[in-house]
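Here's a quick walk through one protein model, going from the whole chain down to a few side chains. Have the viewer open as you read.

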Amino acid sequence: MSGHSKWSSIKRAKGVADAQRGQLFTKLSKEIIISAKQGGGDPAANFRLRLAVQKAKEANMPNENIDRAIKRGAGGGDGADNIDEIVYEGYGPHGTAVIVEAATDNRNRTVAEVRNVFTRAGGSLGETGSVGWNFEMRGVVSVSPNGKDADDLALLAIDAGADDVQVAGDSIDVYTQPGDLESVRRALEDNGLDVASAETQRVPKTTVQLDESAAIQTMRFIERLESLDDVQKVYFNAEFSDAVFAALAS
């Protein structure tokens with residue numbers, strides 16, 4: 001399982017604190033606005049918007065907030081045109097390749113905040129393409145096996161159109177082409193599996209293994225990036241041991 005996917009699972013297990021819920025809703029609203037702005041306000045015809053709305057509902061975001069964000073993005077009003085989507089690339093602690101996706105109405109503010117986090121951690125922002133070559137956009141469906149045989153689940157996922165299946169403990173990550181994400185998710189749900197998440201991710205082609213000390217330092221750096229209001233997602237190519245994840249989960 002990729003470091004990003006397992007870290008996402010830990011954050012879901014921890015839950016979202018009330019103090020963070022407002023920030024989460026803001027990030028989800030931005031994703032809905034950008035998705036509707038780029039592909040229209042009909043989730044049935046806009047795959048990215050459909051995923052954004054689904055994620056918002058999973059986070060218990062009120063329907064009126066979701067509808068308001070869709071209208072804002074699709075209608076182009078109320079400042080929707082001021083929100084830009086930006087991707088930053090760079091190197092975190094110990095040479096970890098990092099991609100940061102942000103949505104902002106102030107590019108100068110956002111790049112200053114992101115650069116500050118990189119610099120304080122001993123990393124640096126890079127040029128476009130500096131690490132992007134090592135990531136590819138994939139659909140990732142994380143499921144719980146519910147007592148089913150992992151090999152049977154892998155065959156089921158592949159029959160549904162998955163490219164790859166990775167099993168780690170009590171969680172399974174199913175990888176697809178972005179366009180096949182929803183059909184694979186539905187097939188897994190139809191067969192009684194609990195889908196923890198289904199989203200497009202930048203998956204690293206090659207990874208680096210970090211020892212416990214370096215891994216914890218890197219994850220704290222990732223947490224600081226994710227805590228920035230304008231940052232939507234953070235991807236990285238580091239792999240960590242189960243001992244590191246256990247320490248982080250606690």
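Of the 250 residues in the protein chain, 46% count as buried, meaning under 20% relative accessible area with a 1.4 Å probe and protein chains only (over 50% is exposed, in between is partly exposed). Before going further: this is a predicted model, where local features need pLDDT of at least 70, side-chain atom pairs count only at pLDDT 80 or more, and totals for chains, interfaces and linings use all residues. Residues are numbered from 1 along each chain as its sequence is written, and side-chain values use heavy atoms, with hydrogens and water left out.

The accessible surface of the chain is about 11,900 Å², with 46% of that belonging to carbon and sulfur atoms; these areas are Shrake-Rupley values with a 1.4 Å probe. As for contacts (heavy atoms within 4.5 Å), take those with a separation of 6 or more: 72% of them are between residues 24 or more positions apart.

The protein chain has 9 helices and 10 strands. These are DSSP runs, numbered from the N terminus: H or I of at least four residues for helices, E of at least two for strands.

On to the rings. The structure holds 1 aromatic pair. Phe 118 and Phe 221 have ring centres 5.1 Å apart and planes at 80 degrees, so the pair is edge-to-face. The cut-offs are centres within 6.5 Å, with planes under 30 degrees apart stacked, over 60 edge-to-face and the rest tilted. Since Phe 118 is in helix α5 (residues 107–120) and Phe 221 in helix α8 (residues 212–226), the pair ties together parts 103 residues apart in sequence. Phe 118 is buried at 1% relative accessible area, and Phe 221 is buried at 0%.

Last, a helix crossing. The axes of helix α3 (residues 47–58) and helix α7 (residues 181–190) come within 11 Å and cross at roughly 45 degrees. That makes α3 oblique to α7, as angles under 35 degrees count as roughly parallel, over 145 as roughly antiparallel, 65 to 115 as roughly perpendicular and the rest as oblique. Phe 47, Arg 50, Leu 51 and Gln 54 of α3 make the contact with Leu 181, Glu 182 and Arg 185 of α7.

Definitions and conventions. Rings of Phe, Tyr and Trp (its six-membered ring) pair if their centres lie within 6.5 Å; planes under 30 degrees apart count as stacked, over 60 as edge-to-face and the rest as tilted. Axes are lines fitted to C-alpha atoms, for helices over the stretch in contact, and angles run from 0 to 180 degrees between N-to-C directions.
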